[in-house]
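We'll go through charged pairs, then take a look at a pocket.

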Amino acid sequence: MEQRHLGRTGLRVTRLGLGTLNWARDTDEQEAADQLKAFWEAGGSLVDTADIYADGGAEYLLGRLTEELVPREDLVIATKAGSVLEADRRVDGSRRHLLAALDASLERLGTDYVDLWQLHAFDPHTPLEETLQALDLAVASGRARYVGLSNFSGWQLAKAGTWQLAAPGVRNRLASTQMEYSLLQRGIEREVLPAALDLGIGLLPSSPLGRGVLTGKYRHATPADSRGASDHLAAFVAPYLDETASRVVEAVTTAADGLAVTPLQVALSWVRDRPGVTAPILGARTAQQLRAALSVETLSLPDEIRRALDDVSAPVHHYPDHDWSTL
């Protein structure tokens with residue numbers, strides 16, 4: 001599998017990543033093992049998780065599998081911290097919480113360090129410089145090799161990235177930002193992506209298949225075994241089952257028919273090759289779904305199809321986004 005540098009750093013990762021959001025919840029240990037083995041055998045290296053996935057269960061499972069199935073040194077392990085399940089708050093970016101969370105993640109993962117440690121979300125109640133200092137302490141202590149962010153808006157990303165660059169040798173450059181990005185969700189193109197490109201921060205798209213909708217499985221009905229039919233994920237899929245999304249899905253399906261490939265391959269190729277993208281994160285439930293996604297490695301979309309998909313999915317930009325003189 002082809003590799004890319006993560007942002008303006010020396011870290012190289014494969015241009016597709018394996019996500020573990022479903023592990024220890026919808027994906028059991030045997031299925032997770034099959035996924036990790038298939039990903040590794042395909043040449044994949046980047047594996048993404050978080051301390052909140054299955055309340056730590058995904059990290060624990062990944063730790064067991066790297067001990068028993070895949071060599072730790074063959075993987076680039078990325079995890080996240082900051083999300084909390086408390087009644088009065090959803091994010092805790094305090095230095096106290098973040099460093100304790102990192103120690104707990106390392107214990108569950110069974111490793112002395114993570115290759116990439118990311119803040120899961122912005123905490124408006126903690127000074128940003130305190131939150132970012134936790135990232136620097138993690139690198140200085142050897143517990144993390146590189147650091148990044150997730151779910152930060154454009155101004156938040158720009159502020160954090162600039163702060164880190166303001167003290168070279170003292171603070172660590174942000175390597176990544178993980179954000180939802182697909183043909184059905186192009187909102188980050190307004191401010192987040194321009195900021196990331198300017199600051200040299202690599203983009204790791206989550207939900208690159210539009211929460212599964214871009215595979216075409218929901219075109220005529222909701223499959224009984226799909227996320228859209230599950231009690232805990234139906235609301236997650238629902239926003240992408242409207243008329244606007246349907247037009248994009250039909251365009252993807254038409255393109256797939258013309259290329260004799262699948263809608264999944266078309267949608268994933270599009271996001272993988274967008275400017276600023278390092279590696280989309282594949283959140284498959286089964287090894288079979290993962291193998292279907294990994295088959296995209298040999299596909300590059302013709303320019304005319306890429307432009308057609310750009311047009312049909314184009315988000316509406318208003319003042320003051322981008323160059324105001326063109327609006």
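In this predicted model, Glu2 and Arg15 form a salt bridge, and their closest N and O atoms sit 3.4 Å apart. That pair links distant parts of the chain, with Glu2 in the segment before β1 (3-5) and Arg15 in the loop between β2 (12-14) and β3 (17-19), 13 residues apart. Across the whole structure, a search turns up 20 salt bridges.

**More on Glu2 and Arg15**

- Are these two partners buried or exposed? Glu2 is partly exposed, at a relative accessible area of 40%.
- Arg15, on the other hand, has a relative accessible area of 7% and counts as buried, because buried means under 20%.

**A bridge between two helices**

- Arg64 and Glu29 meet through their side chains in a salt bridge, at 3.0 Å from N to O.
- Arg64 belongs to helix α2 (residues 57-68) and Glu29 to helix α1 (residues 29-41), so this pair ties together parts that are 35 residues apart in sequence.
- Arg64 is partly exposed, at 30% relative accessibility, and Glu29 is partly exposed too, at 33%.

- Arg306 and Asp303 make a salt bridge with their side chains, at 3.4 Å from N to O.
- Where do these two sit? Both are in helix α11 (residues 303-312), 3 residues apart, which is about one turn of the helix.
- Arg306 is partly exposed, with a relative accessible area of 29%, and Asp303 is partly exposed as well, with 44%.

**The largest pocket**

- How many residues line the largest pocket? There are 37, and the ones nearest its centre are Leu21, Ser207, Arg227, Phe236 and Gly283.
- The elements giving two or more residues to that lining are β10 (174-180), β12 (281-282) and α10 (287-294).
- Helix α10 provides the largest share of the lining, with 5 residues.
- By type, the lining residues of this pocket split into 16 nonpolar, 13 polar and 8 charged.

Key. Residues numbered from 1 in each chain as written. Predicted model: local features only at pLDDT ≥ 70, side-chain atom pairs only at ≥ 80, totals over all residues. Heavy atoms only, no water. 1 Å grid on protein atoms, 1.4 Å probe; cavity = no way out; pocket = protein on both sides within 12 Å on 5 of 7 lines; lining within 4 Å. Helix = DSSP H or I, 4+ residues; strand = E, 2+ residues; numbered from the N terminus. Nonpolar A, V, L, I, M, F, W, Y, C, P; charged D, E, K, R; others polar. Salt bridge = Lys/Arg side-chain N within 4 Å of Asp/Glu carboxyl O. Buried < 20%, exposed > 50% of the residue type's maximum accessible area, 1.4 Å probe, protein only.
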